[in-house]
Amino acid sequence: MSEEKLEIIPLGGVGVFGMNMLALRYGGETIIIDAGMGFPEEDAPGVDIVIPDFTFIDQYRDEISAIVLTHGHEDHIGAVPFLLKEVNVPVYGTHLTLAFLEGKFEEHGLVDSASIHAIEPRDRLTLGNFEVEWMHVTHSLTSCTAVAVTTPVGVIIHSGDFKIDETPVVGPSTDLQRLTEYGDRGVLALLADSTNAERPGRTQSERAVAPALEKVFEEAPGRIVLSCFTSSVHRLQIVFDLARDYGRRVVLLGRSMLRNVEIADSLRQLDIPDGIFVTPAEARQIDEDQLLLLAAGCQGDPMSAMTKLATDQHKNLFVAEGDTVVLSARQIPGNEPAISRLISHCYKRGAKVIDSSVDRVHVSGHGSQEDLKILIEATRPKFLVPVHGEHRQLYRHRDWATTQGIVDPRNVIVFENGDVLELSETSAEITATEPVGRTFIDSSYEHIEDLVVRDRKHLSYDGIVVAIVAINPTSGALESEPEMVTRGFIHEEDSADMLSELRRLVEETVTTATHEEQIDYAVIKEKIRLALKRYIQKSIGRRPMIIPVVVEV
Ligand SMILES: [Zn+2]
């Protein structure tokens, strides 16, 4: 019997969407499973993405030995470059996962320093106290895996993102055989994807979108403009096959679309019909009913190819009357307004728009309740630990599993980011918490302090008031009338009375202050700020950012 205990610590992805990251610790050694990015939950001006807070990483940097990746989606690999800048440890993942990562390494200047190691499903690797085996699972992307980590305390299975797709378009089905073998030998804990734990039944196969897409090819009178996630390899294969069958040439639009199709093709994840691609310039010579534009930007990102097509910003091409626009993707929470604008643009330009509210042009990549049940029944874990999902999905996962009688209700553990779940061969309990959170990242990959984002939010709500006063450093007297500059606060021309009142208030504050206060600029600035703050709040109920500036004359 092992003396030491195993610790499982989620550093992201539990209770929130995205930012999946988890630490496994045993005997002074730690491996990290996935390091993903997410989007800010709150309004955060100038913030591009969020990544997990790395305080834990900093604290245990000497014992971290590897990063183990399940698959290549952004919410699982997007924080890896940032993590490697903290701890440069080897990274393990499938070829496709690593190929997606390599593009990021170029942008982050990590190509020479990063140590990456490609694995194949069913490869086993000893990483210190842990023996890791990757097992193929089906998802919306290809080359996805679950991992089994054999530790001195027992076997931990992490599902990654998965569904049980028996008829995937590309690659094999979920490796239930190996998962069952682990179940036969005994699994201590299963950490399983909860994204679709609220959905009854089974999630449909990636193939299930083919009929609706075929209908589009059959009926579209003019061009087809299709947008999906550029990593949705199954979806891309269906589209390429239909384009070949219906005699349409394909224009790839958007950097990530071009890059990801090239990567998937080079790793033989895609079987691309010969001569199917044409350039945007060549496309202008081709009849509209023989064209398919395949564009990045299904989430309505304003800088994406899809939005450019819909708003006439593309050099050669634009959405026009008679086009059929297909949005073959889910709406990521938070992106709904942007997608809605995109759809409106397309309609206004005379196109017909088909998304999953119209026909089945999208299926989820995550397992529903019956898929979860299949995984639990294969692995038969002692403890079930729901991961990947908001709280309500984690609790539904627990409720579903327990009402099915496939797990002892006392053995389902819903934990929070930062909770230290300590496992022995017979017990599981949360014994401590580690610091967790999120770090804001801007478009140039720099960290932005929370305080900066808070200031930006403050400015965006109530604007700014700058009061400029010239004070004689010896006498403390005002040398001229105070000046007021405002932005995003009031319309200055229409609010002359308000401004002159603010000026008068500043003047009064300075002249009624003691001599010592007048010549101590820090003190007089704070007095001016408080006087303006009280007056503005009382008179119009607003809280602009107030910046007093004292000029020495
Ligand atoms: Zn995924």
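At what angle do helix α6 and helix α7 pack, and how far apart are their axes? Hold that thought for a moment, everyone, while I say what we are looking at. This is a predicted model, where local features need pLDDT of at least 70 and side-chain atom pairs count only at pLDDT 80 or more, while totals for chains, interfaces and linings use all residues. Residues are numbered from 1 along each chain as its sequence is written, and side-chain values use heavy atoms, with hydrogens and water left out.

Let me start with the overall picture. The protein has 17 helices and 27 strands, where helices (H or I, at least four residues) and strands (E, at least two) are DSSP runs numbered from the N terminus. Its C-alpha atoms fill a box of roughly 85 × 70 × 50 Å along the principal axes. Of the 553 residues, 55% count as buried; buried means under 20% relative accessible area, exposed over 50%, and partly exposed in between, with a 1.4 Å probe and protein chains only. If we take contacts between residues at least 6 apart in sequence, 72% of them join residues at least 24 apart, with contact meaning heavy atoms within 4.5 Å.

Now back to the opening question. Helix α6, residues 210-219, packs against helix α7, residues 233-245, at an angle of about 35°, and the axes are 10 Å apart. Those axes are lines fitted to C-alpha atoms, for helices over the stretch in contact, and the angles run from 0 to 180 degrees between N-to-C directions. The crossing of α6 past α7 is right-handed, meaning that the near helix is turned clockwise from the far one by less than a right angle. On the α6 side we have A210, L213, E214 and F217, and they meet R235, I238, V239, L242 and A243 of α7. Sorted by class, that contact holds seven nonpolar, no polar and two charged residues. Here Ala, Val, Leu, Ile, Met, Phe, Trp, Tyr, Cys and Pro count as nonpolar, Asp, Glu, Lys and Arg as charged, and the others, Gly among them, as polar.

E214 counts as partly exposed because its relative accessible area is 32%. Leaving out residues up to four places away in sequence, E214 touches L242 and Y246.

Next, the metal. Which residues are the protein donors of the zinc ion? They are H71 through NE2, H73 through ND1, H139 through NE2 and D161 through OD, at 2.1 to 2.3 Å from the ion. Donors here are N, O and S atoms within 2.8 Å of the metal (3.2 Å for Na, K and Ca), and since water is not among the atoms, sites may look incomplete. Along the chain the donors follow the spacing H-x1-H-x65-H-x21-D. H73 sits in the loop between β6 (64-68) and α2 (74-77), and H139 in the loop between β10 (130-137) and β11 (144-150), so this pair, 66 residues apart, links distant parts of the chain. Both H73 and H139 are buried.

Why is the arrangement irregular? Because the four donor atoms subtend angles of 91 to 163° around the zinc ion. For reference, four donors count as tetrahedral if all angles lie between 85 and 135 degrees; four count as square planar and six as octahedral if opposite donors are over 155 degrees apart and all others between 65 and 115; anything else is irregular.

A quick look at backbone angles. Most residues other than glycine have a negative phi. R380, in the loop between α12 (369-379) and β19 (381-387), has a positive phi near 45°. Y445, found in the loop between β23 (438-441) and β24 (447-448), has a positive phi near 65°. R380 is partly exposed at 39% relative accessibility, and Y445 is partly exposed at 32%.

Last stop: M21, in strand β3. M21 is buried, with a relative accessible area of 2%, and its contacts beyond four places in sequence include P10, I32, F54 and L83. Thanks, and over to you!
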